[in-house]
Amino acid sequence: MAKVKGAIVVNTERCKGCNLCVVACPAKVLSLSPDSNLKGYNFSYMSNADSCVGCAACAYVCPDACITVYKVKTNTD
Amino acid sequence: MTLNDIIDPKNLVYAKTKVMNDTPMHYCPGCSHSVVHKLIAEVIEELDIQDKTIGIAPVGCAVFGYKYIDIDWQQAAHGRAPSLATAVKRLLPDRYVFTYQGDGDLAAIGTAETIHTCNRGENIAIFFINNGIYGMTGGQMAPTTLNGMKSTTSPSGRTVPLSGHPLDMTKLLAQLDGTCYVTRQSVHNIANIRKTKKAIKKALENSMLDKGTSVVEIVSTCSAGWNMTPADSNNWMEQNMIPAYPLGDMKDI
Amino acid sequence: MEEVRLMKGNEAIAEAAIRCGCDGYFGYPITPQSEIMETMMAIAPWNTTGMVVLQAESELASINMVFGAAGCGKRAMTSSSSPGVSLMQEGISDLACAELPCVLVNVMRGGPGIGTIQASQADYYQSVKGGGHGDYKMIVLAPASVQEMADHTVLAFDLAFQYRIPTMILTDGIIGQMMEKAILPPFRPRLTNDEIREKYPWATLGKTADRAPNYILTLELYSEDMEIINLRLQANYKRIQEAEVRYEEFSCEDADYLIIAFGTSARISQKVVELAREEGIKVGLLRPITLFPFPTNEIKAYASQVKAMLTVELNAGQMVDDVRLAVNGQVPVEHYGRLGGIIPTPDEVLEAMKRLIVNK
């Protein structure tokens with residue numbers, strides 16, 4: 001059966017840790033990292049990468065255009 | 001399949017538009033300004049008009065808008081962006097000209113310029129960020145501040161006897177014969193972000209059709225000024241701002 | 001072929017602007033200068049040269065339309081009279097900061113306040129000292145005839161673009177309203193966008209692939225950057241002071257006394273020179289044509305020749321300050337003026353000159 005797998009890459013230095021992507025993700029993939037970037041923001045990351053379907057909701061709501069989204073259709077049983 | 005297999009240019013779904021440069025935006029975390037900047041940049045890329053677009057920045061938080069969207073910009077004195085845009089468009093009729101203005105800029109100090117520019121039906125797009133507060137100067141009351149809403153110059157909440165009523169500029173502009181498209185949108189969730197992007201695109205396209213002025217108000221948050229988290233700001237906006245400033249097209253001809 | 005016409009000074013400005021390739025005029029009616037926009041609207045240059053003429057909703061709007069047009073490298077102008085120019089000061093400060101070339105016309109009337117509609121020169125300080133906020137100057141031209149209203153319009157655009165500076169034609173209700181013959185300048189085509197791109201690479205005409213975006217800005221976050229802009233402006237003003245001083249002399253070679261006057265006052269003072277010489281008093285007249293840059297050195301040179309100087313101004317004594325700075329106490333410098341829109345007769349100026357001679 002075809003399954004959609006997604007992944008995102010966060011520009012962690014551009015991210016301000018606003019948390020809007022975490023709230024927007026329907027699959028609860030994202031969290032704010034306990035680590036912070038050079039500006040002191042706890043940047044967003046995929047804490048639950050397996051659930052990502054590449055819907056790009058996070059990227060649409062990201063105010064700072066930090067998120068790049070990838071998606072593939074795979075055939076797995 | 002590993003993450004590295006997925007993260008491959010051929011699988012790309014969404015990336016920052018090239019019209020937006022890599023300079024980090026100065027806006028506070030979660031700011032609606034950033035979302036709208038991103039949408040404008042995306043529309044400019046989609047319409048392929050980077051070389052034909054001239055932006056007019058306001059005074060207010062968006063005064064530095066020019067730093068992030070790679071087009072030619074002029075920065076206006078407080079409230080005067082529509083006058084600059086009028087002259088630019090009249091002298092360069094084949095260019096896409098837009099103003100980007102906040103509520104203080106557009107609905108207080110620049111009220112006359114806004115109304116007369118729209119009344120003349122200048123073929124420009126006006127993007128109006130309404131967050132009910134003066135963000136850059138530190139959270140003072142705006143003409144669009146809601147009754148009861150607190151600000152640094154209405155610390156107990158705005159009252160009508162002292163400050164009058166919140167001004168619905170967009171409704172007013174829709175009454176003018178010079179406007180062709182007047183709409184109110186928001187960017188607090190995916191559905192509304194998509195609608196706002198469509199509105200921005202339509203406004204810019206209209207500016208080449210000799211139909212008159214397009215006004216896109218975006219009801220926005222100011223989490224720093226409102227003293228809330230970005231997510232709470234979005235919720236507060238939905239519950240309080242949108243009932244006072246209902247979303248949707250007011251005019252589309 | 002030369003075109004000679006009998007016309008008002010205000011009309012001469014309008015005709016000259018259209019002829020010298022002006023791209024846009026933005027204005028708001030106010031007496032005594034409304035003929036400038038009226039003339040343009042009657043000529044309707046958008047049908048010929050393509051020039052835009054637009055009546056704005058206020059002087060605030062018109063000066064900011066000038067900003068927008070000038071930011072695109074276009075030859076833009078506005079005109080007004082004293083109260084309207086006061087309203088424009090924010091925009092003028094912005095134009096100066098952004099180093100935008102443009103032409104502003106002030107057909108002065110009596111003030112302060114809404115004042116009168118009669119001629120005055122009480123906006124000298126406002127014009128030459130930088131009437132808005134911040135350290136800035138404009139080039140200020142002071143025509144004294146209808147011919148010069150036309151000539152200075154062309155000159156103002158040329159200087160504005162040569163130095164990237166707002167340039168003001170500072171005139172008054174008399175020069176604006178009176179009719180004289182004038183030779184109009186030849187037609188000069190408006191620049192195309194490609195020509196503007198070539199000549200003025202800073203212009204916001206749209207970011208082409210071969211360059212970074214252009215920004216026309218007046219706000220800086222950092223004091224260090226703002227100081228750099230200020231130093232650049234000051235260096236420009238120094239260059240202008242060194243290269244662009246213009247003035248005219250009447251009967252100065254053997255003068256014992258020197259009148260310094262500009263615009264309408266200079267016209268009156270020319271008659272005063274004649275009357276004085278008929279009585280055997282050797283009076284000369286130095287007429288500054290540029291008020292900034294001011295002919296400081298030229299006036300200073302006369303301090304070793306003449307016994308006293310008199311400025312004649314339609315104000316309470318403004319340019320007299322600059323004359324006193326120029327002569328630095330070497331000879332007495334006095335002022336004679338009428339206020340609120342009253343024009344002195346040559347006789348009363350001559351009487352003032354005689355009092356100066358007695359009292360010096």
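**View 1. Packing of helices H2 and H8 in chain B of the predicted model.** Helix H2 (residues 32-47) of chain B packs against helix H8 (residues 190-206) of chain B at an angle of about 50°, and the two axes lie 9 Å apart. H2(B) and H8(B) are therefore oblique to each other. The crossing in which H2(B) passes H8(B) is right-handed. H2(B) contributes Val35(B), Val36(B), Leu39(B), Ile40(B), Glu42(B), Val43(B), Glu46(B) and Leu47(B) to the contact, and H8(B) contributes Ile193(B), Thr196(B), Lys197(B), Ile200(B), Lys201(B), Leu204(B) and Glu205(B). By class, the residues of this contact of H2(B) with H8(B) are nine nonpolar, one polar and five charged.

**View 2. Packing of helices H3 and H5 in chain B.** The axes of helix H3 (residues 81-91) of chain B and helix H5 (residues 111-120) of chain B are 9 Å apart, and the helices pack at an angle of about 30°. H3(B) is thus roughly parallel to H5(B). On the H3(B) side, Pro82(B), Ser83(B), Thr86(B) and Arg90(B) take part; they meet Glu113(B), Thr114(B), Thr117(B) and Arg120(B) in H5(B). The contact of H3(B) with H5(B) comprises one nonpolar, four polar and three charged residues.

View 3. Ser233(B) is buried because its relative accessible area is 0%, where buried denotes a value under 20%. With residues up to four places away in sequence not counted, Ser233(B) touches Thr221(B), Ser223(B), Trp226(B) and Met228(B).

View 4. Strand S11 (residues 257-260) of chain C runs parallel to strand S14 (residues 308-313) of chain C, and four bridges join the two. Within S14(C), Ala308(C) stands opposite Tyr257(C).

**View 5. Strand S4 of chain C and its pairing with S2 and S5.** In strand S4 (residues 76-80) of chain C, five of the five residues are buried. Ala76(C), Thr78(C) and Ser80(C) point one way from S4(C), whereas Met77(C) and Ser79(C) point the other way, and all are buried. Strand S2 (residues 24-27) of chain C pairs with S4(C) in the parallel sense over two bridges. Strand S5 (residues 102-108) of chain C is also parallel to S4(C), joined by four bridges. Met77(C) of S4(C) stands opposite Tyr25(C), and in S5(C) the bridge partner of Met77(C) is Val103(C).

**View 6. Helix H2 of chain C and the residue just after the helix.** Glu35(C), Ile36(C), Met37(C), Thr39(C) and Met40(C) are buried in helix H2 (residues 35-43) of chain C. Just after H2(C), Ala44(C) adopts a positive phi of about 55°.

Key
Residues are numbered from 1 along each chain as its sequence is written. Chains are lettered from A and ligands numbered from 1 in the order in which they are written. This is a predicted model: local features need pLDDT of at least 70, side-chain atom pairs count only at pLDDT 80 or more; totals for chains, interfaces and linings use all residues. Side-chain values use heavy atoms; hydrogens and water are left out. Buried means under 20% relative accessible area, exposed over 50%, partly exposed in between (1.4 Å probe, protein chains only). Contact means heavy atoms within 4.5 Å. Axes are lines fitted to C-alpha atoms, for helices over the stretch in contact, and angles run from 0 to 180 degrees between N-to-C directions. Angles under 35 degrees count as roughly parallel, over 145 as roughly antiparallel, 65 to 115 as roughly perpendicular and the rest as oblique. A crossing is left-handed if the near helix is turned anticlockwise from the far one by less than a right angle, and right-handed if clockwise. Ala, Val, Leu, Ile, Met, Phe, Trp, Tyr, Cys and Pro count as nonpolar, Asp, Glu, Lys and Arg as charged, and the others, Gly among them, as polar. Two strands pair if DSSP finds at least two bridges between them.
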